[in-house]
Amino acid sequence: MCDEFKRSMMAEFEMSDLGKMKYFLGVEVKQCQNGIFICQRRYARKVLTRFGMENSNAVKNPIVPGTKLCKDESGSKVDDSQFRQVVGCFMYLTVTRPDLMYVVNLISRFMANPTTSHWLAAKRILMYVKGTTTLGIFYRKGKNNLRLVGFTDSDYAGDINDRRSTSGFTFMLGSGAVSWASKKQPVVALSTTEAEYIAAALCACQCIWLRRVLKHIEVEEKNETMIMCDNNSTIQLSKNPVFHGKSKHIDVKFHFLRDLLNDGIVTLSYCNSENQIAYIMTKPLKLEQFEKLRDMLGVTDVADIS
């Protein structure tokens, strides 16, 4: 397919074949015998230099466990332009760094009026990047399990200001993550079941798009896609609409999940909390659990890929 595409492009345009891709829009690609590794170490070093953190001390996790950021009206104001710039740099780093997704989502909520507490949180992320510039995602060659698997989770009422929950999902294909997100929910959930249900609906929508992409590149998902959830009530609610007390007030658009289950496109399965990869997208974790889930995402050091 690739050779045919190159021939057709060279017949239409003047172009040279530079061989296998090594660098593209700040993303480094290392292709070796046992797989493909992508990272942004060069870009990460530029970000550290840009914000004067190239000589800072490194930390092992991007946020202190239990941290809750909120609007700090009485706090000292910081340069909002610089704060937006650092958040923008972090957003681009999440292209190959799913371990940064939650903290970037968290600090991006305060771009309109950042204070010292928000800037300190951003500096900690820079200190984490300082110690992990060589991390990226490694997709191992010959991985037999090429089935798309999703993980969904939520942090109930995690936002102190408006009490909205955070949705998170991750999709794995082979040995590494191929899609991930962390996003504050558009409504206030009245229970953990509702928060998890909304997160699962968001995950299911992304699943539909990924299935279409895979079909387009001739890797069609013929069976239903499994989505792992650690809340049994959410799984039952997606199958049984009789839970009036828990579901009668939920917005109609989130019940799209039920149709997908009935049509055999996705299926919700229980996953214990210890192996819930999407945890890393919704809350600050202790170091041991953070590193375990980071490894499960396929995030690896460039020195370890050989």
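Buried denotes a relative accessible area under 20%, exposed one over 50%, and partly exposed the range in between, for a 1.4 Å probe and protein chains only. The structure shown is a predicted model, in which local features need pLDDT of at least 70 and side-chain atom pairs count only at pLDDT 80 or more, while totals for chains, interfaces and linings use all residues. Residues are numbered from 1 along each chain as its sequence is written, and side-chain values use heavy atoms, with hydrogens and water left out.

View A. Leucine 25 is exposed, its relative accessible area being 59%. This leucine 25 sits in the loop that links strand E1 (23–24) to strand E2 (27–32); helices (H or I, at least four residues) and strands (E, at least two) are DSSP runs numbered from the N terminus. Although leucine 25 is not a glycine, its phi is positive, at about 50°. Most residues other than glycine have a negative phi. Alanine 157, likewise not a glycine, has a positive phi near 50°. Its place is the loop between strand E5 (149–155) and strand E6 (166–173). Alanine 157 is buried, with a relative accessible area of 12%.

**View B. Packing of helices H2 and H3.** Helix H2 (residues 41–50) and helix H3 (residues 80–93) pack with axes 11 Å apart and at an angle of about 170°. H2 is therefore roughly antiparallel to H3. Axes here are lines fitted to C-alpha atoms, for helices over the stretch in contact, and angles run from 0 to 180 degrees between N-to-C directions; angles under 35 degrees count as roughly parallel, over 145 as roughly antiparallel, 65 to 115 as roughly perpendicular, and the rest as oblique. H2 contributes Tyr43, Ala44, Val47 and Arg50 to the contact, and H3 contributes Gln85, Cys89, Tyr92 and Leu93; contact means heavy atoms within 4.5 Å. By class, the contact of H2 with H3 comprises six nonpolar, one polar and one charged residues. In this classification Ala, Val, Leu, Ile, Met, Phe, Trp, Tyr, Cys and Pro are nonpolar, Asp, Glu, Lys and Arg are charged, and the others, Gly among them, are polar.

**View C. Glycine 88 in helix H3.** Glycine 88 lies in helix H3 and is partly exposed, with a relative accessible area of 34%.

**View D. Glutamate 28 and its surroundings.** Glutamate 28 belongs to strand E2 and counts as buried at 10% relative accessibility. Its side chain makes a polar contact of 3.1 Å with the side chain of arginine 41. A polar contact is a pair of N or O atoms within 3.5 Å; within protein, one must be able to donate a hydrogen and the other to accept it, and residues adjacent in sequence count only if both atoms are side-chain atoms. Apart from residues up to four places away in sequence, the residues touched by glutamate 28 include Tyr23, Phe37, Ile38 and Arg42.

View E. Threonine 96 is in the loop between H3 and helix H4 (101–107). This threonine 96 is buried, with a relative accessible area of 1%. The side chains of threonine 96 and glutamine 40 are joined by a polar contact of 2.7 Å. Residues up to four places away in sequence aside, threonine 96 touches Val27, Ile38, Cys39, Gln40, Gly136, Ile137 and Trp180.

**View F. Glutamate 196 in helix H6.** Glutamate 196 is part of helix H6 (residues 192–216) and, at 7% relative accessibility, counts as buried. Not counting residues up to four places away in sequence, glutamate 196 touches Thr152, Asp153, Ser154, Cys229, Asp230, Asn231 and Thr234.

View G. Leucine 287 is in helix H10 (residues 287–296) and counts as partly exposed at 29% relative accessibility. Leaving aside neighbours within four places in sequence, leucine 287 is in contact with Lys60 and Asn61. The C-alpha atoms of leucine 287 and valine 64 are 8.9 Å apart, and these residues are 223 residues apart in sequence. Asparagine 275 occupies the loop between strand E9 (266–270) and H10. With residues up to four places away in sequence not counted, asparagine 275 touches Phe151, Lys292 and Met296.
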